[in-house]
Amino acid sequence: MGNLAAADSPLMPGVPTVAAAAGLPGYAVDNWGAVLAPAGLPAVLAKITAAVRQAVDTPEGRQAMAARGIEAAYADGPALARIIEEDGARWEPVIRKADIRVE
């Protein structure tokens with residue numbers, strides 16, 4: 001299986017990206033997950049944020065995730081909003097062209 005990311009992954013040393021292996025410059029498919037919460041949770045949100053950050057932004061957390069094949073990184077609210085916006089803009093034309101629908 002090829003590496004679909006834009007850059008080499010430390011979790012898959014020696015495995016080239018699809019862009020490199022297939023000669024497709026700029027090809028990348030990122031897989032990400034996030035913890036989202038509704039607005040209006042200020043007291044709880046700080047605790048959730050701290051727990052998530054500890055899980056993905058500490059050596060122990062990164063090691064535990066890496067053992068499961070996950071390359072963890074923490075993104076705060078504004079950074080996550082940009083990721084969601086950029087992915088939406090990137091995939092919307094593909095979804096429309098393929099007439100993909102959620103039912």
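What pattern does the chain follow, read along the sequence? The pattern is α-α-α-α. This is a predicted model, in which local features need pLDDT of at least 70 and side-chain atom pairs count only at pLDDT 80 or more, while totals for chains, interfaces and linings use all residues. Residues are numbered from 1 along each chain as its sequence is written, and side-chain values use heavy atoms, with hydrogens and water left out.

**Figure 1. Whole chain, with 4 helices and 0 strands.** Helices (H or I, at least four residues) and strands (E, at least two) are DSSP runs, numbered from the N terminus. The radius of gyration is 17 Å, well over the 13 Å that the globule rule gives for 103 residues, so the chain is more spread out than a compact globule. That radius is taken over C-alpha atoms, and the globule rule is 2.2 Å times the number of residues to the power 0.38. Along the principal axes, the C-alpha atoms fill a box of roughly 50 × 35 × 25 Å.

**Figure 2. Surface and contacts of the chain.** The accessible surface comes to about 8,100 Å², and 61% of this belongs to carbon and sulfur atoms. Accessible areas come from the Shrake-Rupley method with a 1.4 Å probe; for residues, only the protein chains shown count as cover. Of the 103 residues, 12% are buried (buried means under 20% relative accessible area, exposed over 50%, partly exposed in between). Among contacts (heavy atoms within 4.5 Å) with a separation of 6 or more, 32% join residues 24 or more positions apart.

**Figure 3. Nonpolar surface patch around Leu-36.** Trp-32, Leu-36, Ile-83 and Ile-84 make a patch of about 370 Å². Patches are made of residues with over 30% relative accessible area and no salt bridge; like charges are joined within 9 Å, nonpolar side chains (Val, Leu, Ile, Met, Phe, Trp, Tyr) within 5 Å. A salt bridge is a side-chain nitrogen of Lys or Arg within 4 Å of a carboxyl oxygen of Asp or Glu. Leu-36 lies in the loop between α1 (18-22) and α2 (42-56), and counts as exposed because its relative accessibility is 63%.

**Figure 4. Val-44 in helix α2.** With a relative accessible area of 44%, Val-44 is partly exposed. Val-44 and Glu-86 are 42 residues apart in sequence, and their C-alpha atoms are 28 Å apart in space.

**Figure 5. Asp-99 in the segment after α4 (77-97).** Asp-99 is not a glycine, yet has a positive phi of about 55°. Its relative accessibility is 46%, so Asp-99 counts as partly exposed.

Key:
Buried < 20%, exposed > 50% of the residue type's maximum accessible area, 1.4 Å probe, protein only.
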